[in-house]
Amino acid sequence: MTEIEWDDSLSVGVDLIDEQHKMLIQRIKDLSEAVGSSRGRGQIGKTLGFMIDYTEFHFSTEEKHMTKLGYPDFDIHKQQHEEFKSTLSHMVEEFEEDGATAGLGEGVNTFLINWLVTHIKSIDSKFGKFLQEIGFKG
Ligand SMILES: [Fe+2]
């Protein structure tokens with residue numbers, strides 16, 4: 001299983017975004033824990049729901065600031081968010097049809113975690129740099 005813990009290498013240099021990323025990591029860990037320990041369907045469904053709600057909230061925070069501040073790489077960044085959201089909704093469909101299968105656990109522990117770490121370290125840190133350059137105070 002891929003482990004994920006917050007550390008400074010994940011900081012994008014802007015508190016608002018860092019705090020939300022920490023929360024998102026917590027949501028993934030909760031989901032991973034629920035799937036891994038074969039909790040009841042209701043419990044897993046609930047953590048999956050929290051994960052989706054928080055992802056939605058976080059992405060729209062980033063996108064709102066990008067639009068407002070005229071961020072030049074908005075389109076490509078938003079496209080990555082959309083891809084992630086569509087993968088998540090496929091996971092939900094899978095879960096609703098087949099329950100917490102090994103495949104779902106694998107998806108949570110590898111895809112979600114790897115995507116998030118890669119996304120934060122590359123594309124979000126670029127956005128963080130932009131925010132710092134314009135003196136954004138979150
Ligand atoms: Fe992002």
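## How α1 and α2 cross

Helices α1 and α2 cross in a left-handed way (the near helix is turned anticlockwise from the far one by less than a right angle). This is a predicted model, where local features need pLDDT of at least 70, side-chain atom pairs count only at pLDDT 80 or more, and totals for chains, interfaces and linings use all residues. Residue numbers start from 1 along each chain as its sequence is written.

Helix α1 covers residues 15-36 and α2 covers residues 41-68; they pack at about 160°, with axes 9 Å apart. Helices here are DSSP runs (H or I, at least four residues), numbered from the N terminus, and axes are lines fitted to C-alpha atoms over the stretch in contact, with angles from 0 to 180 degrees between N-to-C directions. So α1 is roughly antiparallel to α2 (an angle over 145 degrees).

## The other pair

Now look at α3 (residues 74-98) and α4 (residues 102-133): they pack at about 170°, with their axes 11 Å apart. That makes this pair, α3 and α4, roughly antiparallel. Residues making the contact include Phe 84 and Phe 95 of α3, plus Phe 111 and Trp 115 of α4 (contact means C-beta atoms, placed from the backbone, within 7 Å).

## What's in the core

The largest nonpolar core has 14 residues, and Ile 28, Leu 31 and Phe 95 are among those with the most contacts inside it. A core joins buried Ala, Val, Leu, Ile, Met, Phe, Trp, Tyr and Cys residues through C-beta atoms within 7 Å; buried means 20 or more other C-beta atoms within 10 Å of a residue's own. Helix α1 gives the most to this core, five residues.

How values were computed
Helix = DSSP H or I, 4+ residues; strand = E, 2+ residues; numbered from the N terminus. Parallel < 35°, antiparallel > 145°, perpendicular 65-115°, else oblique. Contact = placed C-beta atoms within 7 Å. Buried ≥ 20, exposed ≤ 12 C-beta atoms within 10 Å, placed from the backbone.
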